[in-house]
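Here's a friendly walk through a protein chain for anyone meeting it for the first time. Take a look at the sequence and the fold, then read on.

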Amino acid sequence: MNTPRTSRRTMLGMLGAGTVAAGGLLATAGIPSAQAGDTASGKPVPSDLAARRRAGPADRTLAAAYSYSGNYLLLHDGHPVLARSYGMADTSRSLPITPDTVFGLGSITKVFTGMAIGQLVQQSKIGYHEKLGGYLDGFAAEIADNVTIHHLLTHTSGLGDIYTEANQPIMKSWTSEAQESDGLLALVRAAPLNFTPGSAYLYSNVGFIVLQFVVAAVSGQTYYDYVRQHVFRPAGMASSDFYTRDQCRDSRRIAHPYAAQDPRSGGPRVDRLKDGISMGTGAGDAYSTVADMVAFVGALNGAKLLDAQHTWLATTSKYPVPVPVPPAGKPALYQYHCYAPLATMVDGHWFIGHSGGSSNGWSAVFAWYPDEGYVSVDLCNYGPDEPRAVAQIG
């Protein structure tokens, strides 16, 4: 198991010259305020990011009201535009959030799973069109013979979720990587099919947990070791990993997740670390930092994880996601699943990324804007409130 080791100096070096100001603000020197429609290097600033760059006073108000805690980082063409740290990583030990605090990513983990599958496709070990039964046994025939890798990656398999109230006691009882893997495989093998594969869309945690076992079966490694070795390491994500509850509890760098004790009625926030399963899965709960997520985007777009052709294949639109009609006066939103990331167009701007909102206290989102050169990362340990880095990312 790797130990978080990104230093504060490394983070500050990535951000450029800056100072830590009162109220938890890591302000980068010489960065002008932005208005919607402003340009940077001759490129239009997406309106949601322009608004985000003006949000300093609002952020401080939210933090003071115990409504936001986390790290936000916005870069343009590799240069810092905005970097802020607010709140507490661990209230019981009075540990504040710093630029190198490690956060749970929730469903952003699905993007790493998609990269792992893409690498094995590039090596001709997996085919996007191939049936699940060609890689794993133990599934009902209607699933094994009809669900493809493409269906699993685009949430069109018909498989749903295992994070149900009935399964929570089982999942919380796991205390080791091996115990969790065995338990997860049993649960996903028993998951029902909700519709004919390819005929509809249903966001599916089960699908990505199944993909974690496809990665393990084809690569001969555990999913966790494969992602550590072939995604995190080549991307330079030195602080990213899958951590157990005990590691999260004991570390001074890993933030604890805080959410209302009863999400339906609100109330004071409590530490929800004990409510998570022992380790993450192919569907969620890897851990990372804002610096590592920027490194991931750079490695992906720099063809360090996949070659250029397979990067294009993994990050282009594959299936339209049903989205609500926007209110009057709001721009239309178009969203498509790629092979794990989401591609979204709103107000004339395309961005690619994923969110990781969770009822267990994590709330995270990252995205990059290919046409304008922006990268936005918002990692938050208050949930299920959505972070505000990129509106409506899904």
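A salt bridge here is a side-chain nitrogen of Lys or Arg within 4 Å of a carboxyl oxygen of Asp or Glu. With that in hand, here's one to start with: D225, R228 and D241 are linked in a network of salt bridges. Keep in mind that this is a predicted model, where local features need pLDDT of at least 70, side-chain atom pairs count only at pLDDT 80 or more, and totals for chains, interfaces and linings use all residues. Residues are numbered from 1 along each chain as its sequence is written, and side-chain values use heavy atoms, with hydrogens and water left out.

**The big picture**

- The chain comes to 13 helices and 18 strands; these are DSSP runs numbered from the N terminus, with helices being H or I of at least four residues and strands E of at least two.
- Of its 394 residues, 54% count as buried. Buried means under 20% relative accessible area, exposed means over 50%, and partly exposed is in between, using a 1.4 Å probe and protein chains only.
- Among contacts with a separation of 6 or more, 66% come from residues 24 or more positions apart; a contact means heavy atoms within 4.5 Å.

**A strand on the inside**

- Strand β17 (residues 363–369) has seven of its seven residues buried, so it is largely enclosed by the rest of the structure.
- In a regular strand, side chains alternate between the two faces of the sheet. Here S363, V365, A367 and Y369 point one way, while A364, F366 and W368 point the other way, and all are buried.
- β17 pairs with strand β16 (residues 349–355) in the antiparallel sense over four bridges; two strands pair if DSSP finds at least two bridges between them. S355 has V365 of β17 as its bridge partner.
- β17 also pairs with strand β18 (residues 374–380), again antiparallel, over seven bridges.

**Around the β8–β9 loop**

- T101 sits in the loop between β8 (95–96) and β9 (103–104), and at 2% relative accessible area T101 is buried.
- A polar atom of the T101 side chain lies 2.9 Å from the backbone nitrogen of T98.
- Leaving out residues up to four places away in sequence, T101 touches N71, A89, P96, R253, A255, S288 and T289.
- D100 forms a salt bridge with R253, with the closest N and O atoms 3.9 Å apart. D100 is in the loop between β8 and β9 and R253 in the loop between α11 (245–250) and β10 (258–262), so the pair ties together parts that are 153 residues apart in sequence. Both D100 and R253 are buried.

**Other salt bridges**

- How many salt bridges does a search of the whole structure find? The count is seven.
- R189 and D137 form one, with their closest N and O atoms 3.0 Å apart. This pair links distant parts of the chain, 52 residues apart: R189 is in helix α8 (residues 177–189) and D137 in the loop between α4 (109–122) and α5 (141–144).
- R189 is partly exposed at 31% relative accessible area, while D137 counts as exposed at 56%.
- R93 and D90 also meet through their side chains in a salt bridge, at 2.7 Å from N to O. R93 is partly exposed at 30%, whereas D90 is buried at 2%.

**Cysteines**

- The search of the whole structure turns up zero disulfides, a disulfide being a pair of cysteine sulfur atoms within 2.5 Å.
- C248 is buried at 1% relative accessibility, and C338 is buried at 0%.

- Most residues other than glycine have a negative phi.
- S124 has a positive phi near 65 degrees. S124 is found in the loop between α4 and α5 and is exposed at 66%.
- D347 has a positive phi too, near 55 degrees. D347 is in the loop between β15 (342–346) and β16, partly exposed at 42%.

Conventions. Polar contact = N/O pair within 3.5 Å; in protein donor to acceptor, adjacent residues only side chain to side chain.
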